[in-house]
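Let's take a friendly walk through a protein model together. Have a look at the sequence and the structure first, and then we will go through some of the details.

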Amino acid sequence: MQAHYNVLFLCTGNSARSILAEAILNAKGKPLFTAYSAGSHPSGVVRPEALNLIELAHLPTDGLRSKHWGEFAGPTAPKMNFVFTVCDNAAKEMCPIWPGQPMTAHWGVPDPAVVQGMPEQVERAFRDAYLLLERRLSLLLSLPLSSLDKLAIQKEINRIGAS
């Protein structure tokens, strides 16, 4: 494998989970990784709870916005090495499919944006999503990508998504 990897996190609304993953990996994966996020049906707004968690973790929020995955499908878009879907199949969400040759894996995370109730319940849902993504990204960052072949990497990213 190569020395730098582009990663795209996809979900339906691109308002919380994929934004969290983008921010975490861009902060913790430098200079080896550059992360992006998008949605198949973007909400157009990043959830304030997600931005608050990112700020609490002292991660940059510059440039984070809800966007359509079409921005990353054109000929001038960065070539993706990895595409991770973070939508939650259990919630009956439509999970986007990414065409092309990047390695892909499903890293389903329950959608904190749909949680209703007391503010503490909503905060907990966002915090749980953040912690799950942070753990999975830490596992990704610990992989010796340069010494693994493509099949081994695929097996590992699938395993991470199942954890």
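## A strand on the inside

How many of the seven residues of strand S2 (residues 33–39) are buried? Keep in mind that this is a predicted model. Five of the seven are buried, so strand S2 is largely enclosed by the rest of the structure.

Strand S2 also has a partner. Strand S1 (residues 5–11) pairs with S2 in the parallel sense, and seven bridges join the two. To find a spot where they face each other, look for Leu8, which stands opposite Tyr36 in S2. Together, S1, H1 and S2 make a right-handed β-α-β unit.

## Charged partners

Now turn to the charged side chains. The structure holds six salt bridges, and one of them is formed by the side chains of Glu22 and Lys67, at 3.6 Å from N to O. This pair links distant parts of the chain: Glu22 belongs to helix H1 (residues 17–28), while Lys67 sits in the loop between H2 and S3, 45 residues apart. Are these two residues buried or exposed? Both Glu22 and Lys67 are buried.

Another salt bridge brings together the side chains of Arg47 and Glu49, with 2.9 Å from N to O. Here, Arg47 has a relative accessible area of 21%, and Glu49 has a relative accessibility of 23%. Why do they not count as buried? Buried means under 20% relative accessible area, so Arg47 at 21% and Glu49 at 23% are both partly exposed.

## A closer look at Glu71

Our last stop is Glu71, which you can find in the loop between helix H2 (48–56) and strand S3 (82–85). Which residues does Glu71 touch, not counting residues up to four places away in sequence? Glu71 touches Arg65 and Ala77.

With Arg65, Glu71 forms a salt bridge, and the closest N and O atoms are 2.7 Å apart. How open are the two partners? Glu71 has a relative accessible area of 39%, and Arg65 has one of 42%. Exposed means over 50% and buried means under 20%, so Glu71 at 39% and Arg65 at 42% are each partly exposed.

Glu71 and Ser37 are 34 residues apart in sequence, and their C-alpha atoms are 10.0 Å apart in space.

Technical notes: Residues numbered from 1 in each chain as written. Predicted model: local features only at pLDDT ≥ 70, side-chain atom pairs only at ≥ 80, totals over all residues. Heavy atoms only, no water. Helix = DSSP H or I, 4+ residues; strand = E, 2+ residues; numbered from the N terminus. Contact = heavy atoms within 4.5 Å. Salt bridge = Lys/Arg side-chain N within 4 Å of Asp/Glu carboxyl O. Buried < 20%, exposed > 50% of the residue type's maximum accessible area, 1.4 Å probe, protein only. Pairing = 2+ DSSP bridges. Right-handed = clockwise from strand over helix to strand, strands pointing away.
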